[in-house]
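Q: Can we go through this one together? I'd like to start with the sheet and then move on to the helices.

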Amino acid sequence: MKAILLFDLRQFARQLPGYVILLLLLCMGIFTGNKFNMSAGEGVEPGSPYTIGFMLGLLSLTVIFIATFFAIRMLFSEWDNRVNLLIFTTPVRKRSFAAGRFLSFWLLTLSGFLFMTIGFVIGQQMRDTGTAFHFLHYAYPWLFFGVINSLLVCSVLYFAGWITQNKMLVAVTGLLLYVLYMVILLFSNSPFMAQSAPQSPEAQQVSALIDPFGVSAYFLETRNFSVQQRNTLMVPLSGYWLLNRMVAVCLSFLFVWLGARSFSVHKKIKKTREPKEIARPETASAYLPVAVNTGKTMWLKSLRSYLGLDLKITLRSISFVLSAIALLFLCGMEMYAVIEKGIRLPRKYADSGLMATTISGNFYLPAVLLVVYFVYDLYWKSYSSRFYMLERTNVLSSAKYIGHWISVSVLISVYTMLLFLLGLLFQFVYAYPRIDWAAYLGLLVFDTLPLILLAGFLVWVNSLFTKPFIGLGVTLVLAFVLAGPFAPKLLSYPLLRFFSGFKGAYSDFCGYGAYLWPFVQRWLAGAALTGLLWILTYAIRRRRISLAGTVMSLVCILVGTFSGIQFMTGYVPRSSGKQQDNNAAYELRYRHYQYLPQPVVTDVVTQIDLYPSQQSYTVDGYYVLRNLTSDTIGKVLVNFTDGFIIQQAILDGQSIDTAVSEVILRRPMQPGDSLQMKFAFSYKWYPVNGHQSFNAIVENGSFMRISRYYPAIGYQQEREISEERIRSAYGLGAATALKKPEDPRDNNWGFINLKMIVSTEKGQTPLGTGELVKQWSKGSRTYAEFSPGQPVPFRFAVASAAYEQQKVRYQGKEIMVLYHALHQENVDHLIDNIKQTMDYCEANFGPYPFRSIRFAEVSAFTRGFAATAYPGIIFMTENMVFHADIGPGREQDVINELAGHELSHLWWGNSQLSEDEREGSAMLTETLAMYTEMMLYRKMYGEKRMRERLAVHQQLYDEQKGFSAEEPLYKVTGNNTHISYSKGAIVMVRIAEMIGEERVNSALRNLLAKHRYPLQRPVSTDLIDELLAVSGEEHHAEIRKLMMER
Amino acid sequence: MNKLLIDKISLSYRKDVKVLDNISLEISNGMFGLLGPNGAGKSSLMRTIVGLQKPDEGRIFFNEHDVVARPGFLHKQLGFLPQDFGVYPKVSAYNLLDHLAVLKGVGPAAIRKKQVLSLLEKVNLAAFRHKEVHTFSGGMRQRFGVAQALLGNPQLIIADEPTAGLDPEERNRFNLLLSEISENIVVILSTHLVEDVRNLCSQMAVIRNGRVQALGRPSDMLANLKGKIWTRAIDTAALPAYQSSHKVISQQLIEKSLHITVYAEDMPEGFSPAEPVLEHVYFHSLSV
């Protein structure tokens, strides 16, 4: 055993490629440690023991790939090099050999991971992680993740290798381990899953037990950790994590034992099927030579022969079958998860867009690995089987390159077709039979085409080398860099990412939007470059370039250049470093404006012209600025948003043409004076830069939180850098602190009189903020004028889409729902809920401030919220809640939640209770909206169902509380949604149980009566005061505790 | 008339390992035998001629075309049977031979099928044409190799140890086949079996350490040794003494008795004259 071990290690040490591999792993580790900051929460340091632990846990996934490489290289080397008959006829014992080989395999894999870890440490130390270096913080997780995971992976591959004696099956086993892990992660308590799709405790426990990499168990064991614990404690090996690690070790020993038992010196003889009869020649005649033809027709036949042979060998192989099953399983589980969405969100309709985007998001990376392997396997098959001496002495063997490329392309197409069929199956099973072919076209464009191109490129790369494992190593690295998950970071120039897939949205409103065609353009540029590489290499080998080659090269250059230029149109390089520099410079230069009097905007008159088909809009309008201070204002700081083109801006007769301008007023504004500021600006986005979620002007279903992009007056505090370490690096002092509830109130409400005209292209309905005043058409455009009819906060949004509408009048108000024609399922139910919410809120809190309420659906290109409320209108994204499957038997009525929560914002927030930006402001909006939601839920569905929803919020709160500093509810800040939403709901329901719902509502009524605009501006303690005022003294301590303690 | 001209070919694998050293040969239609010990450079020469590796120096012409610069010209009319080759797994003999026939340029399909079946019949593999080649025994695989070397219309056949692994009957069959086809084409036969060279080849060369040691017609080489080959039986223990005093070119056990053969202009004492055979030519060439 020792002899085998030492021999293998020495062999590795003697070869240069081994050192290259270790160096590459080291570099990958440095890159990961330096560039990746998977922060689990605001207060949790990147260099904390908790973060290092799970980062190394996730990094240990790479052991799969390291181990698979070594397994293929080492487990079959005796047979590959044909020394098996020599080695195994020596006195070496089978078990000793098997044990020695396992040890060397494991140690080399572990060394690879060790180098990666060392690189990770170096990378982390190269940046400021906020924590000093502690060896144990790295060594401890390295031991329990790295060592155990590598032991487990190696043991599984070892067993697979020796029981199957098939390299491809070893590779597929590695892939299956990865798939298993990804599926388990869906059901874990991962902090990355908890926010979007938290799982039930039972699911998390099962996930923790069966996760082969132990990361799910690690998450579960730390679910109750506070921020301080995560920053200081090494996670103790206990509970589920200990159990998981013990199971992993035991399984490893089992697989090693099984593998050693399976080890055989003889290759398995496989059964072959009975072939069909081919006609025998009539007589055994003399040798008759036959003339050959090596022209183009025969070359094409050679191509076909390669294709036939490759597919005959591969498609029937168990390896292909297993890898297809693995892909189907992975994508199937992801589809299931994305439909069922865990405990927080309702089930989604299994529409084609959802299926296609789920497949695209999960198929691509495993497919890249499969492409690398199939290209390697097919390209080098003749070399590894020593057939090349027969093959390469034939002229038409030159068809091999393209033949293998086409073969791999066919395999990719088969995988795509299988996944397409899986998508259809899910649609059928989940009773959503409408097939949107445009959605599935995305599979072809975003997955199949780039993979085919990658295959062609990798065949070319392999053709540059004479040794198979060098080809494999180089293609693995190239695939990782060019098509792997880190490609966007490694290749900052977008045109170079033509081997990457696409993880964008699909919308029933506008399909893949403006992204589809540019993706094809980029692909064409990549195809042209790949073609050029092939042509030039062929010409260099032949030492001449034919006329056809010259013409094709020119075509490639033209197509590539043209497509590339088209794709890169409008490109603006983005750099987070540059943005940071700009923000720091802004603060250094303009922060003093915080202490200078500035006018406020009191009136906004504006016209917004939307051009959805061109992804652009223009804004025209003017402000009335008033000096509401008691001081003279001599200069005004005007801020425009980056990325917008200022067509015109005039203040005090002076032209403004930069994003930030200090305007020295010719005549200073006295208290009470007013000035008009005119402006006109435009915006257009280009697919190469991507779009912004809240500024999504798209072909159909546009939504823009457009007030954010209007010129702002005075110092913009939100531009400040929040991280202290970075601030001190720039020489900035302390950031502007958020006001506390007890700080003096700002009775400058900042409300405006708003009048807006929105226009859009014919066939779409323009939507603005406030009441619809009038609507008209002119030429090929549709116009609508909106005005709230009363002062509202400086916060307004617009939308535009081709809508279906449903409208009812209820209690003197107009209720309108605007939606996509295919999303009608929940409209009636929404209208019912709107009515119920309206009744409840008017009865308990006060009159609804407007004459109408509209709920408008917008495209999935807007992400980040399920719904958002503005004066008189609520916008809902199509793929979160509005178009959910809440059919009979489903437990969660999200439409009720949507209507109750969002509509109540027209009382809590917006134009009635509008708090300024300070600690606790989120409580006055979100907590009160959650309370309203819960009360409505109870009213409609009963106490039991409301309790179930509350239990979900309890779980959400428990899972999230350990990732940021705990704040008392009355001081909650906007980031801590688990407090303002979930804990807030629990606290308010608890108070209602204590003192009665009626009393709570009366407190809220009083709060509104005293603090609605334009009376005294509310702070969070006002709510506490009102609750105390309506409750008996015996409840005061509890109320204070619930509201004011952590 | 086909002609293969090898002009001062040299090849080194590393700085200090010269496998071919200034080899020049001119070979026309007929069988040409290439004899030499292991490591002499026979296989390297074969692989260089067929274009699997490029020589460091020298040129190779086939019918006046430079095939080092343009190996494709040779490949169109080449049949190559390497010493040691492999096959794809999971492919039947018929399908693999058909694939090679396509790569060779044999078409249309009906003609290709006819030739493939005919060749399988010729090498006695017709009954196994549906069997996967990777399951064949060594001898069957060698016969498959022979069949593929004859695909198309080769004008140059290079066979490296072609009868290795064949039983005597198959060897005979192969030799007859080669004899049949070699009249109008160039066949280079690299072998250890001196007997095959004697029986089949009109020209031969002996190669050692990458150099040609002897070249010519077998009959001429035999004539040169006439009257210069002597033999006697000796004790095994006395062999070193004879090796130091005589030019021993071979030794052989005949009925457990060691007989040595020496080369000398005159008969040494105690020796008797021996009729020169091709083995003597071979061993004498190696000892020069």
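Q: What is the strand order of the open sheet in chain B?
A: This is a predicted model. In it, the open sheet of chain B has 4 strands in the order 2-1-4-5, with antiparallel pairing.

Q: Which strands stand at the edges?
A: Strand 2 (17-28) and strand 5 (65-66) of chain B. Each has a single partner strand, so one side of each is left without a neighbour in the sheet.

Q: And how many bridges between strand 1 and strand 4 of chain B?
A: There are 5 bridges, in the antiparallel sense, between strand 1 (residues 3-14) and strand 4 (residues 57-62) of chain B. B:Ser10 stands opposite B:Glu57 of strand 4 of chain B.

Q: What lies across strand 1, strand 2 and strand 4 of chain B?
A: Helix 1 (residues 42-49) of chain B, which runs at about 115° to strand 1 of chain B.

Q: Switching to chain A. At what angle do the axes of helix 11 and helix 14 of chain A cross?
A: At roughly 35°, and the axes of helix 11 (residues 201-210) and helix 14 (residues 239-262) of chain A come within 8 Å. Helix 11 of chain A makes the contact with A:Gln205, A:Ala208, A:Leu209 and A:Ile210, and helix 14 of chain A with A:Tyr240, A:Leu243 and A:Asn244. These residues divide into 5 nonpolar, 2 polar and no charged.

Q: Which element of chain A has the lowest mean pLDDT?
A: Helix 10 (residues 191-194) of chain A, at 50, while strand 16 (residues 798-801) of chain A has the highest, 98. Over residues 274-283 of chain A the pLDDT is below 50. Where pLDDT is low, the predicted coordinates should not be read in detail.

Q: And chain A overall?
A: Chain A averages a pLDDT of 89, and 95% of the residues score at least 70.

Definitions and conventions. Residues are numbered from 1 along each chain as its sequence is written. Chains are lettered from A and ligands numbered from 1 in the order in which they are written. This is a predicted model: local features need pLDDT of at least 70, side-chain atom pairs count only at pLDDT 80 or more; totals for chains, interfaces and linings use all residues. Side-chain values use heavy atoms; hydrogens and water are left out. Axes are lines fitted to C-alpha atoms, for helices over the stretch in contact, and angles run from 0 to 180 degrees between N-to-C directions. Helices (H or I, at least four residues) and strands (E, at least two) are DSSP runs, numbered from the N terminus. Contact means heavy atoms within 4.5 Å. Ala, Val, Leu, Ile, Met, Phe, Trp, Tyr, Cys and Pro count as nonpolar, Asp, Glu, Lys and Arg as charged, and the others, Gly among them, as polar. Two strands pair if DSSP finds at least two bridges between them. pLDDT is the predictor's confidence in each residue, from 0 to 100.
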